[in-house]
Every structure is written in C-alpha cells, then in structure tokens.
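Q: Could you walk me through this structure? I am new to it and would like to go residue by residue before the overall picture.

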Amino acid sequence: QVQLVESGGGLVQPGGSLRLSCAASGSISSLYIMGWYRQAPGKQRELVGSITSGSITNYRDSVKGRFTISRDNAKNTVYLQMNSLKPEDTAVYYCNARKVFSSDNYWGQGTQVTVSS
C-alpha cells in the first residue's frame, strides 16, 4: 500500500513558477512509475508527465520545455517543477504511482494550481 500526499500548489501569475511535491508513505523505488496528472473544471483528467525508476521522463506536448519531473527515491518523493506557467495550466494536479507488472495504482488527493493575474 502506498499513500501519496501532494503539496506546493497555489496561485501564481502567468509566467511564474511553482514546484509541486509528492511524498509517498512507502517505498517507490524501482517498481513504480510515477506520474503527474491534472484536471481542469469540466475537463477529463490528463497525464502531464511521468518518470520511471531509471528517471526516464515523458511529457505531454503542451508542457514540454516548461515542466520537469524528477524523483528522489531515497526520500520517496517526486517533484514537478513548473515554469512559464500559463492560465491554461490551471487545474488540480494529482500524483500517481503505478506499479509495473501489477494492477496496483495509487492517487494522491490533489493540489490546486491557479495561474491568473
């Protein structure tokens, strides 16, 4: 069982930056692909990006070059650095842990990110 707790959301002006953190209660080393998702009002949840245990990352096109995912397996923490934020990045951001070769899939409670002037 893995519990995920996100933090770091808030209100930021367009062009600003935020760093989200996702702290896991259990070990997320080696067996888990960690992902960040977001859901804007009235829209479906979408994958922002993911990172493997070997730190291979993948991003949706709209955030490439602006967002960076990293992980610290020793601290059981995953980060989402968001730069050059745009109003369309406004959403609730969720952390996800998916165990490879398993149906185990865990979600955090979400953290609100609002980009507005």
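A: Let us begin with Arg-66, which is buried because its relative accessible area is 10%, where buried means under 20%, exposed over 50% and partly exposed in between, using a 1.4 Å probe and protein chains only. This is a predicted model, in which local features need pLDDT of at least 70 and side-chain atom pairs count only at pLDDT 80 or more, while totals for chains, interfaces and linings use all residues. Residues are numbered from 1 along each chain as its sequence is written, and side-chain values use heavy atoms, with hydrogens and water left out.

Q: Where is Arg-66 found, and what does Arg-66 touch?

A: Arg-66 is in the loop between β6 and β7, with strands being DSSP runs of E of at least two residues and helices runs of H or I of at least four, both numbered from the N terminus. Not counting residues up to four places away in sequence, Arg-66 touches Gln-81, Met-82, Asn-83, Ser-84, Leu-85, Lys-86 and Asp-89, a contact being heavy atoms within 4.5 Å.

Q: And which backbone oxygen lies 2.9 Å from a polar atom of the Arg-66 side chain?

A: That is the backbone oxygen of Ser-62.

Q: OK, what about Arg-60: where is Arg-60 found?

A: Arg-60 is also in a loop, the one between β6 (57–59) and β7 (67–72), but Arg-60 counts as partly exposed because its relative accessibility is 28%. Leaving out residues up to four places away in sequence, Arg-60 touches Arg-38, Glu-46, Leu-47 and Val-48. With one of these, Glu-46, the side chain of Arg-60 makes a side-chain polar contact at 3.4 Å; a polar contact is a pair of N or O atoms within 3.5 Å, where within protein one must be able to donate a hydrogen and the other to accept it, and residues adjacent in sequence count only if both atoms are side-chain atoms.

Q: How far is Arg-60 from Leu-47, C-alpha to C-alpha?

A: The C-alpha atoms of Arg-60 and Leu-47 are separated by 7.0 Å, although the two residues are 13 apart along the chain.

Q: Switching topic: which residues have a positive phi although they are not glycine?

A: Ser-55 is one of them, with a phi of about 65°, and Phe-101 is another, with about 55°. Most residues other than glycine have a negative phi.

Q: Are those two buried or exposed, and where are they?

A: Ser-55, in the loop between β5 (46–51) and β6, counts as partly exposed because its relative accessibility is 43%. Phe-101, in the loop between β9 (91–99) and β10 (105–107), is exposed, with a relative accessible area of 89%.

Q: What about a residue inside a strand, say Ala-97?

A: Ala-97 is in strand β9 and counts as buried, because its relative accessibility is 0%. Leaving aside neighbours within four places in sequence, Ala-97 is in contact with Leu-4, Tyr-32, Ile-33, Met-34, Asp-104, Asn-105 and Tyr-106. Ala-97 and Gln-3 are 94 residues apart in sequence, yet 9.1 Å apart in space, C-alpha to C-alpha.

Q: Finally, the overall picture: how many helices and strands are there, and how much is buried?

A: The protein has zero helices and 11 strands, and 42% of its 117 residues count as buried. The C-alpha trace spans about 40 × 25 × 25 Å along its principal axes.
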